[in-house]
Amino acid sequence: MKKALAISLLTPALSVPALSMAHDFWLLPSSTVLSGQDSWVTVDGAAGNDKFHFNHRPLRLTNLVITAPDGKTVEPKNVHAGELRSTFDVQLPQAGTYRIAVVNDGVMALWKENGENRRWVGNAAELAEKVPAKADDLRILQRASRAETFVTQGRPTPIDAPESGLGLRPLTHPNDLFAGEKAVFIVTLDGQPAPGIEVELVPGGQRYRNQVNQITTTTNENGEFEVTWPNAGQYWLHFEHRDQKTSVPQAQSRNMTYAATLEVLPE
């Protein structure tokens, strides 16, 4: 699957990086299923060439949102950004499923000035101040991305799809996945099922094998896709979409990227 979309999570210096950025991004929890009371997980965030191997940049955590089972926001603890990865801890005082996500929505402007190519990336609120309204060959692109994972303490609880952008509505709970069993998910766009979306799943450990072993499928007319997990382990789930349904009036297109980390347990 081509990765031509600019991701606003991958470099500490920019809120939306260059179009040429092709590194994948993810959140990797220390555990996805826990028992007991008042548990903790540590989560790593990074971008790199090999799934779940820290070899490029830390994932920027500016727009980190942790949602508890009751819908309230949980604050991360011990947040740190290193050279190759970011990390933080999450306390799980409630029973149920926690959604841990980095969500970003920004813009990129491309234009020419005195014959030279210019580019600006940032928030839509700063667009008028930073970019000349009548610049030559001006193109404004809205860029949105979501990287997330799910952690359950005790009994799993339902997960709703996000209301805007790309998202996932699990029909099989993401913390109830087992090797050899089938799982079904719905890809959503602005909260509604999205048919015809190409979905890519890649098992972790890519660094230690000669083949990527990716699984590729496409959502049906109901926005659903299914997968039978070949092996236990961590999987990187990824899909993208582009359209003209922008929420930024000046933008000509909206480019969206979604990535999730799912753990599949042994049979």
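Biologist: Which ring does the charged end of K51 sit over?

Modeller: A charge sits over a ring if NZ of Lys or CZ of Arg is within 6 Å of the ring centre and within 35 degrees of the ring normal. The charged end of K51 does that at 4.7 Å from the centre, and the ring belongs to W236. Bear in mind that this is a predicted model, where local features need pLDDT of at least 70, side-chain atom pairs count only at pLDDT 80 or more, and totals for chains, interfaces and linings use all residues. Residues are numbered from 1 along each chain as its sequence is written, and side-chain values use heavy atoms, with hydrogens and water left out.

Biologist: How many aromatic pairs are there, and what kind is W26 with F52?

Modeller: Rings of Phe, Tyr and Trp (its six-membered ring) pair if their centres lie within 6.5 Å; planes under 30 degrees apart count as stacked, over 60 as edge-to-face and the rest as tilted. The structure holds four such pairs. With W26 and F52, the centres are 5.7 Å apart and the planes at 80°, so this one is edge-to-face.

Biologist: Where do W26 and F52 lie in the chain?

Modeller: They are 26 residues apart, so to speak on distant parts of the chain. Strands here are DSSP runs (E, at least two residues), numbered from the N terminus. W26 is in strand β1, and F52 is in the loop between β3 and β4.

Biologist: Is F239 buried or exposed?

Modeller: Buried means under 20% relative accessible area, exposed over 50%, partly exposed in between (1.4 Å probe, protein chains only). F239 has 0% relative accessibility, so F239 counts as buried.

Biologist: Is N78 buried or exposed?

Modeller: N78 lies in strand β7 and has a positive phi of about 55° although it is not a glycine. Its relative accessibility is 58%, so N78 counts as exposed.

Biologist: What is the phi of D137?

Modeller: D137 lies in strand β11 and, at 55% relative accessibility, counts as exposed. D137 is not a glycine, yet its phi is positive, at about 55°.

Conventions: Helix = DSSP H or I, 4+ residues; strand = E, 2+ residues; numbered from the N terminus.
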